[in-house]
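These are notes for a colleague opening this entry. Please read them with the sequence and the model side by side.

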Amino acid sequence: MAKKTKTTPTTDTQRPPRLAVIDMMIGIAMILVVLGHQTVPFSPRWYDEGLHEWIYMFHMELFMFLSAFLIRYSYRGVKSVGDYGRYIWRKFVKFFVPFLVIGLVVSLASAYERGVAMDNMWGVALDSLRRLLLYPIYSDASFLWYIYILFGFYLVSPLVIMLPRWVKMVLCVATLALPLLNAGQLLGAGLFCKYAFFYMLGILCGEGYEELRNVKTWVWGLLAIPFAVWSVLVFIARLGGQLSYPWLTVAPWQFHIVEPCLALPFFYFLGRLLTQVGWVNKVLSAISRDCFWIYLLQMFVVWTCYFALQGMGFEGRCPFWLFLVVSTVLGIAVPMAVERVSRYLPSRRSSHKDKKK
């Protein structure tokens, strides 16, 4: 059984305790994110049409659900306009400033790779950065779209959280229709519509986690079976050359609802089991704590691994599975190391002191 910890969402000034099961789920989801970003020119079919496609059918919905869960679980209350302003400023500094900095770095790197003259470098980079702000999914740093959408959900969370629970439940059901609007990608509208259901579901589960936690582990095990069976069917179908999915995927394009909903109890059940494995618990908890840094920096590590392989003349000769393992491990370990080093920066030290007060 999972360890029993007081988990009622808090609205006071005290930080709630970390949830071991949620740490396990976030750690696993972060590993899947890094694994899913390993598409390189020499990647084989078992990755492109198997592992990669399987991950992309549910992993970002899972991540959005977990993010919303933590938004609600760690929410400490916004009681005035001033509180809201401070709340948004904290989230802006934590999420949007790194989003802009990394986006600018990627834009400059992309302009350099395309051979843009130095005189035009900043103009091209700033144009790319403007595209990142207006159409995040179509920018050079498109992998940062999640931070953009997450910040948007933070903006509306105080309003959503103060609604009665029955209203939240109605909204949760209603958001299933949002992807049908074909809202386009200006300001990430299509992405907000696509993930709104999992955001609302995460908010609701963050409020009702006590009830979910009290469900027996064997019940979660039974609920995990459909996803396990579906995953096996997907791999068999894809590796057999079939491009259709064994189970239903709801239109429009890439709006997956069935697969992520099946994945949630599976990964919760898996998280409960992994909390009992000491070293796995420690590793996944560490990844969970540093997941923001990993998300920001992992693509730089993956690209570096690929270009290093290419520069040494090993592209095509190095087994892809070896590249996958090494680049995934480094894509997680290097950002975690950078986070540790950054703690010695004056701004991080002062921020840490403020949190302790």
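1. Some terms come before the details. A residue is called buried under 20% relative accessible area, exposed over 50%, and partly exposed in between, with a 1.4 Å probe and protein chains only. The model is predicted: local features need pLDDT of at least 70, side-chain atom pairs count only at pLDDT 80 or more, and totals for chains, interfaces and linings use all residues. Residues are numbered from 1 along each chain as its sequence is written, and side-chain values use heavy atoms, with hydrogens and water left out.

2. Leu187 is partly exposed, at a relative accessible area of 45%. This residue sits in the loop between helix H7 (165–174) and helix H8 (189–207); helices are DSSP runs (H or I, at least four residues), numbered from the N terminus. The phi of Leu187 is near 55°, a positive value in a residue other than glycine. Most residues other than glycine have a negative phi.

3. How many aromatic pairs does the structure hold? There are 41, where rings of Phe, Tyr and Trp (its six-membered ring) pair if their centres lie within 6.5 Å, and planes under 30 degrees apart count as stacked, over 60 as edge-to-face and the rest as tilted. One of these pairs is Phe42 with Phe320, which is edge-to-face because the planes stand at 75°, with ring centres 5.8 Å apart. Phe42 lies in the loop between helix H1 (20–36) and helix H2 (45–56), and Phe320 in helix H14 (residues 320–342), so the pair ties together parts 278 residues apart in sequence. Phe42 is buried at 16% relative accessible area, and Phe320 is buried at 6%.

4. Phe227 and Trp230 make a tilted pair, 5.4 Å from centre to centre with 40° between the planes. Both belong to helix H10 (residues 217–239), and being three residues apart they are separated by about one helical turn. Phe227 is buried at 1% relative accessibility, and Trp230 is buried at 0%.

5. The C-alpha atoms of Phe266 and Phe227 are separated by 6.5 Å, although the two residues are 39 apart along the chain. Leaving aside residues up to four places away in sequence, Phe266 touches Ala224, Phe227 and Ala228; contact means heavy atoms within 4.5 Å.

6. Which way do H1 and helix H12 (residues 278–289) pack? Their axes, lines fitted to C-alpha atoms over the stretch in contact, are 7 Å apart at an angle of about 70°. The two helices are therefore roughly perpendicular, a label for angles of 65 to 115 degrees. Among the residues that meet are Met24, Ile28 and Ile31 in H1 and Val280, Leu284 and Ile287 in H12. The residues of this contact divide into eight nonpolar, four polar and one charged. Here Ala, Val, Leu, Ile, Met, Phe, Trp, Tyr, Cys and Pro count as nonpolar, Asp, Glu, Lys and Arg as charged, and the others, Gly among them, as polar.

7. Thr328 is found in helix H14 and is buried, with 8% relative accessible area. Not counting residues up to four places away in sequence, Thr328 touches Val34, Leu35, Gln38 and Phe323. Other buried residues of H14 include Leu324, Gly331, Pro335 and Glu339.

Technical notes. Axes fitted to C-alpha atoms, helices over the stretch in contact; angles between N-to-C directions. Parallel < 35°, antiparallel > 145°, perpendicular 65-115°, else oblique.
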